[in-house]
Amino acid sequence: MEPFVSCYKGNLGAGVDEVGRGPLAGDVVAAAVILDPGNPIDGLNDSKKLTEKRRLYLFDLIKEQALSYCIARASVAEIDSINILQASLLAMQRAVDGLSVTPEHVWVDGNKIPRWEYSAEAVVKGDSRVAAISAASILAKVTRDAEMVAFDKIYPGYGFAGHKGYPTKVHMAALAKLGVSDIHRRSFAPVKQQLEQLTIF
C-alpha cells in the first residue's frame, strides 16, 4: 500500500473513523482524535489488526495523551431511519463536532466525507495509514465492543459478547430461535426477514 501523503502539514489535524457498519445489532460508534505531535504514541494501527490487550492499552494511552478526542454514535433507530451509510457519516460528524479543540483539517477513513465545513480528505484504508485515524479506530472499537459485551447480559442467548452483533452462524441461529431484540437493526435484511416470518405465522 502506498504511503499516505497529506495536503495538510499543520499540527491540528484530526482523524475520524467509525466501527459497526456491518453488525445486525447495536449503534454505530465513531471517534475523532487530534494527536499531540510533541507526545507521539507508538504502535498505533488499524484496531482490527491489534490484539484486544493491545487495544485496551492504547485506548487509555490515547485518551491520556491526545490533544483532544471525542466518541460519538448514531443509534439503531437512526440507522433504520436514514440507512447505515448516512448514520455512519452522522456519527463521524458528531465525533468531530464534539472535539474540544477545533481541527484545522480532518482525515476521514474510507472514501466518503460527511457534509461539513471542515477542510478534509478521505483516506482509503486510513486506519492503517494515518496515525490519528488509527487512534480513532481504537477508541471506537474498544467502546463498541464493551457495549456489546454489556448487552450480552441484558439480552442473553444471542452471543453478543462473542460476535459483537456481526452476522455469524451463532448469531443467525440465535436470531431464528429467540427472535428480534430491541437492539437489532430492523432495516438489515436478516432481521427484516425474521420479522416478516413472524407476521406470516
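View 1. Rings of Phe, Tyr and Trp (its six-membered ring) pair if their centres lie within 6.5 Å, and planes under 30 degrees apart count as stacked, over 60 as edge-to-face and the rest as tilted. By this rule there are four aromatic pairs. With ring centres 5.1 Å apart and planes at 90°, tryptophan 116 and tyrosine 118 are an edge-to-face pair.

**View 2. Tyrosine 158 and phenylalanine 160 are stacked.** Here the centres lie 5.3 Å apart, with 15° between the planes. Tyrosine 158 is buried at a relative accessible area of 7%, and phenylalanine 160 is buried too, at 0%.

**View 3. Helix H7 has its buried residues on one face.** H7 spans residues 169–178 (helices, H or I with at least four residues, and strands, E with at least two, are DSSP runs numbered from the N terminus). His171, Ala174 and Leu175 are buried. Down the axis, the buried residues of H7 fall within an arc of 105°, so they line one face of the helix; the arc is that of the directions from the helix axis to the C-beta atoms. Look to the other side of H7 for the exposed Lys169, Ala176 and Lys177. Just after H7, glycine 179 takes a positive phi of about 85°.

**View 4. The largest pocket is lined by 22 residues.** On a 1 Å grid over the protein atoms alone, a pocket is an open set of points where a 1.4 Å probe fits, with protein on both sides within 12 Å along at least five of seven lines; lining residues have an atom within 4 Å of a point. The volume of the largest pocket is about 360 Å³, counted as the space filled by probe spheres set on the points. Glu18, Asp46, Lys48, Asp109 and Asp127 lie nearest its centre. Helix H5 gives the most to this lining, with four residues.

**Notes for all views.** Residues are numbered from 1 along each chain as its sequence is written, and side-chain values use heavy atoms, leaving out hydrogens and water. Local features of this predicted model need pLDDT of at least 70 and side-chain atom pairs count only at pLDDT 80 or more, while totals for chains, interfaces and linings use all residues.

Notes
Buried < 20%, exposed > 50% of the residue type's maximum accessible area, 1.4 Å probe, protein only.
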